[in-house]
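Reader: I have a structure open and would like to talk through it. Could we take it piece by piece?

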Amino acid sequence: MDLLEYQGKQLFARHGLHVSPGRAVVTVEDAAHAAHEVGYPVVVKAQVLIGGRGKAGGVKLAADEAELREHAGRILGMDIRGHTVRTLWIEHASDIASEYYASVVLDRSAKAPLVMFSVEGGVEIEEVARERPEKLVRRRVDALDGLRREDALEIAAEGGAEEDVRDGVADALVALYETWRAEDATLAEINPLIVTPAREVKALDAKVTLDGNALYRHPENQGLSDRENEDPIEREAAEQGVQYVKLDGDIGILGNGAGLVMSTLDVVAQAGGRPANFLDAGGGSDAAKIKQAVRLILANHAVRAVLFNIFGGITRCDEVARGLIAAFEEVRPQVPFVVRLDGTNDQEGRRLLAEANLPNVHTAATMNEAAAMVVQLAVTRPEKVGA
Ligand code: GDP
Ligand code: MN
């Protein structure tokens with residue numbers, strides 16, 4: 001779960017990182033109040049889940065209220081590479097002497113946290129990593145020890161932080177690591193981490209990704225997701241407790257259980273198809289849940305054919321068949337379905353389907369056969385009309 005800059009900064013502040021005081025607002029009027037409260041000059045910052053806001057014109061300094069209103073008015077509603085700005089962060093502007101970079105990520109291949117630091121911040125770090133790799137310190141941390149202060153000081157020195165701010169940088173690195181660890185983040189990045197003329201070290205930007213699977217341990221963070229900017233179908237699925245992931249092909253996939261869904265994706269890809277989404281109905285789905293699943297899959301208008309791959313265990317195939325029949329009554333799908341039912345009550349499920357004689361529903365005996373059929377149907381079908 002990606003956080004907006006100001007939400008990331010809230011977490012930073014919780015763990016002792018220095019950030020500027022500010023307010024999140026959604027109107028020009030509130031922006032003016034906020035600026036008055038935090039004190040001019042202020043910086044007006046678009047809150048969207050994409051970097052490079054500064055270059056796109058989404059970060060502006062304002063010396064007084066007239067400038068503030070002009071910038072806030074222009075940035076609200078702005079489109080930054082497909083992300084509409086609905087929220088602004090107004091913070092007291094900082095004077096900048098140097099711009100550094102710091103991050104903590106999970107290095108999955110090393111199974112360890114990785115701390116990165118560079119004195120070349122404020123620019124794209126990928127560029128530094130590619131062109132001047134010696135300028136980017138990368139240090140793996142033993143997860144049991146955590147980032148010790150002496151290690152953080154070494155990183156600061158090795159990275160070339162100016163001598164009088166190495167303590168400040170080390171404190172920032174330790175606090176950043178602590179944010180990453182304690183909040184169950186997979187990424188915590190500051191670009192730029194600035195040094196002010198008064199030699200204070202603080203986070204001017206924040207990019208934090210929380211591990212969604214660990215969110216149950218952080219009830220206080222559950223309100224942080226940027227619901228407005230999520231895919232609306234994914235959001236609806238999440239609200240109903242269904243695993244739904246949008247992909248960019250044209251075959252909708254429903255299975256029960258993560259393993260089966262994953263292998264279904266593989267088999268469809270092997271057969272030359274491209275999944276549009278996948279939905280894991282989980283174990284023990286009843287007809288109502290299946291009906292809902294069909295609705296969610298078809299809400300994605302890129303879908304040109306749907307594959308149901310059900311291996312009945314606690315999920316009963318007759319319930320799946322009933323759900324599909326109910327869905328056809330209500331949703332009236334315009335695209336072909338391929339259904340493979342196997343396992344608990346499969347004969348009954350197939351009998352129900354045969355009896356219902358649904359338009360454009362094909363049954364397959366095996367997973368490979370089902371995949372080949374659905375790919376065939378998706379490519380031979382003319383452009384879908386209506387929905
Ligand atoms: P990004 O472009 O999405 O990475 O947004 P940032 O929050 O990193 O802001 C972009 C740039 O705006 C920073 O690299 C700074 O150079 C500048 N900037 C942001 N806040 C301030 C501030 O308080 N004072 C000054 N002088 N510049 C700022
Ligand atoms: Mn930045």
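Reader: Which strand does Ser103 lie in?

Author: Ser103 belongs to strand 7. Please keep in mind that this is a predicted model.

Reader: Is Ser103 buried or exposed?

Author: Ser103 counts as buried, because its relative accessibility is 0% and the cut-off for buried is under 20%.

Reader: What does Ser103 touch, then?

Author: Leaving aside residues up to four places away in sequence, Ser103 touches Leu114, Val115, Met116, Leu176, Ala188 and Glu189.

Reader: How many bridges join strand 7 to strand 10?

Author: There are seven bridges between strand 7, residues 98-107, and strand 10, and the two run antiparallel. Within this pairing, Ala102 stands opposite Ile190 of strand 10.

Reader: Why is strand 10 described as largely enclosed?

Author: Strand 10 covers residues 185-195, and ten of its eleven residues are buried, so the rest of the structure largely encloses it.

Reader: Which way does strand 10 run relative to strand 12?

Author: Strand 10 and strand 12, residues 207-210, run antiparallel and are joined by four bridges. Here Leu187 stands opposite Thr209 of strand 12.

Reader: And what about strand 11?

Author: Strand 11, residues 201-203, pairs with strand 10 over three bridges, again in the antiparallel sense. Leu193 has Ala203 of strand 11 as its bridge partner. The two strands form a hairpin with five residues between them, and Arg199 in the turn has a positive phi of about 70°.

Reader: Let me change topic. How many residues does the largest nonpolar core have?

Author: The largest nonpolar core has 37 residues, and Phe12, Phe117, Val169 and Leu173 have the most contacts inside it. The elements giving two or more residues to this core include helix 1 (5-14), strand 8 (112-118) and helix 5 (149-158), as well as strand 7 and strand 10.

Reader: Which helix gives the most to this core?

Author: Helix 6 gives the most, with eight residues.

Reader: You mentioned Leu173. What does Leu173 touch?

Author: Not counting residues up to four places away in sequence, Leu173 touches Ala102, Val115, Phe117, Leu147, Ala152 and Ile155.

Reader: Now the ligand. Which residues come nearest to ligand 1?

Author: Of the 16 residues around ligand 1, those that come nearest are Lys45, Arg53, Gly54, Ser94 and Glu99.

Reader: Which atoms lie 2.8 Å apart where Arg53 is concerned?

Author: They are an oxygen atom of ligand 1 and an N or O atom in the side chain of Arg53. For Ser94, a backbone N or O atom lies 2.8 Å from a nitrogen atom of the ligand. For Asn191, a backbone N or O atom lies 3.2 Å from an oxygen atom of the ligand.

Reader: How much of the accessible area of ligand 1 does the protein cover?

Author: On its own, ligand 1 has 560 Å² of accessible area, and the protein covers 79% of that.

Reader: One last residue. Where does Gln376 lie?

Author: Gln376 lies in helix 12, residues 367-380. This residue is partly exposed, with a relative accessible area of 48%.

Reader: How far apart are Gln376 and Thr209?

Author: Gln376 and Thr209 are 167 residues apart in sequence, and their C-alpha atoms are 39 Å apart in space.

Notes: Residues are numbered from 1 along each chain as its sequence is written. Chains are lettered from A and ligands numbered from 1 in the order in which they are written. This is a predicted model: local features need pLDDT of at least 70, side-chain atom pairs count only at pLDDT 80 or more; totals for chains, interfaces and linings use all residues. Side-chain values use heavy atoms; hydrogens and water are left out. Buried means under 20% relative accessible area, exposed over 50%, partly exposed in between (1.4 Å probe, protein chains only). Two strands pair if DSSP finds at least two bridges between them. A nonpolar core is a set of buried Ala, Val, Leu, Ile, Met, Phe, Trp, Tyr and Cys residues joined through side-chain atoms within 4.5 Å. Contact means heavy atoms within 4.5 Å. A residue is near a molecule or strand if one of its heavy atoms lies within 4 Å of it. A polar contact is a pair of N or O atoms within 3.5 Å; within protein, one must be able to donate a hydrogen and the other to accept it, and residues adjacent in sequence count only if both atoms are side-chain atoms. Accessible areas come from the Shrake-Rupley method with a 1.4 Å probe; for residues, only the protein chains shown count as cover.
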